[in-house]
Amino acid sequence: MIKINTLNKTYKNGTKANIDINFSVSKGDILGLIGPNGSGKTTLVRQIVGLTKPTSGDIMVAGMSVLNSRNKIKEKIAFFNQKSAMLEAHTVFEVIYFTGIYRGLSRHEAVEQCDKLIEYFGLKSQLNQRLTNLSGGQIKLVMLASTFIGISDLIILDEPTNDLDPVNRYKLWEIIKKYNREYNTTFLIVSHNLTELELIARTIAIMKDGKIIDHGDIQSLKSRYNSGYRIRIRCEYEYVDDLTKELSIERMKKNQNEVTLDLTEEELEKLVNYILPIVTKYNADVNIYRMSLNNIYQIIQEGELYV
């Protein structure tokens, strides 16, 4: 669905926002794009939807070049932008309905889809209210409903859960699953909520300093970074050095009064009986938990600072 070839974007002030980006998104995939603020995510997305022109390289969407087939590609993409401009003088129904008409739906189709989305996002009581009378969270729901109408081949969501309460966040994730399952819609989701993203995304692309520094399905990423379990050991500050020396295990990170170990399931089974007597000797607290996408992200962004 998306294929990016040696993409570079340098702004007039010399800022290199994207550097030699190469990756692809398969049809029907749900990709999570993650990275710190300023890593180049928004610039990359704006180039995919044709709002920003690359300095060099090319982007293919549905087999067409964004540079050469911009208008045709717009028919394939729905883009939810954090800063989307809405027609505040219009009602909830009008905004969603006319978005559907703009995307090529018949009046009947637009009304049918609009009714379903209004019900799904809980906007029935606000149906005839103008956007000026809605809360920030309600306006966000209207923007999201407008993104989904027309059932585009590719839906790009930039920080879609900001300002949403837990119930509406859950509704959003469910409708993403529904569209992906029933219409094979491809999703690219930019988010800082890695806990939620791990539950819905199939693949992850991680950005840092304008580059894609890793890309793959979540389980592959975990395997690549040897991420089965994390053991966190806390003890008195004066004992940390002695504890570290006595443990003498590879991939061990020391930080003030804490020692962190990342182990595979196999390693954990072999070493648990070795570790516990040592931590007991130093009266240390031990926490063992499965590695998450958050942990992988921290490892990649911060680097492996093992002792």
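1. Let's start with a helix on a sheet. Helices (H or I, at least four residues) and strands (E, at least two) are DSSP runs, numbered from the N terminus. Contact means heavy atoms within 4.5 Å. Axes are lines fitted to C-alpha atoms, for helices over the stretch in contact, and angles run from 0 to 180 degrees between N-to-C directions.

2. Before you go further, please keep in mind that this is a predicted model: local features need pLDDT of at least 70 and side-chain atom pairs count only at pLDDT 80 or more, while totals for chains, interfaces and linings use all residues. Residues are numbered from 1 along each chain as its sequence is written, and side-chain values use heavy atoms, with hydrogens and water left out.

3. Now the whole protein. There are 11 helices and 14 strands, and the C-alpha trace spans about 75 × 45 × 35 Å along its principal axes. Of the 307 residues, 48% count as buried. Buried means under 20% relative accessible area, exposed over 50%, and partly exposed in between (1.4 Å probe, protein chains only). Among contacts with a separation of 6 or more, 69% join residues 24 or more positions apart.

4. Two strands pair if DSSP finds at least two bridges between them. Strands of a sheet pair through backbone hydrogen bonds, either parallel or antiparallel.

5. Look inside that sheet at β1 (residues 2–10) and β4 (residues 56–61), which pair in the antiparallel sense over 5 bridges. N8 stands opposite S56 in β4. T6 is also worth a look: this residue of strand β1 has a positive phi of about 40° although it is not a glycine. T6 is partly exposed, with a relative accessible area of 41%.

6. E159 also has a positive phi, of about 50°, without being a glycine. Buried or exposed, where does E159 fall? E159 counts as buried, at 6% relative accessibility, and sits in the loop between β7 (154–158) and α6 (166–183).

7. Next, a helix pair. The axes of α3 (residues 92–102) and α4 (residues 107–120) come within 9 Å and cross at roughly 135°. That makes α3 oblique to α4; angles under 35 degrees count as roughly parallel, over 145 as roughly antiparallel, 65 to 115 as roughly perpendicular and the rest as oblique. The contact is made by F93, I96, Y97 and I101 of α3 with R107, A110, V111, C114, D115 and I118 of α4. By class, this contact has 8 nonpolar, no polar and 2 charged residues. Here Ala, Val, Leu, Ile, Met, Phe, Trp, Tyr, Cys and Pro count as nonpolar, Asp, Glu, Lys and Arg as charged, and the others, Gly among them, as polar.

8. Another pair to view is α5 (residues 136–148) with α6: they pack at an angle of about 0°, their axes 12 Å apart. That makes α5 roughly parallel to α6. L141, L144 and F148 in α5 meet N168, L172, I175, I176 and Y179 in α6, and the residues of this contact divide into 7 nonpolar, 1 polar and no charged.

9. β9 and β10 form a hairpin with 2 residues between them, and D209 in the turn has a positive phi of about 50°. β9 pairs with β10 (residues 211–217) in the antiparallel sense over 6 bridges, and D214 in β10 is the bridge partner of I206. T203, in strand β9 (residues 203–208), counts as buried at 14% relative accessibility. Not counting residues up to four places away in sequence, T203 touches D29, I30, L31, G32, G216 and D217.

10. Finally, find the open sheet of 4 strands with the order β12-β13-β11-β14 and antiparallel pairing. Its edge strands, β12 (252–255) and β14 (285–290), each pair on one side only. β11 (residues 229–234) and β13 (residues 258–263) pair in the antiparallel sense over 6 bridges, with R234 opposite E258 in β13. Helix α10 (residues 265–281) lies across β11, β13 and β14, running at about 155° to β13.
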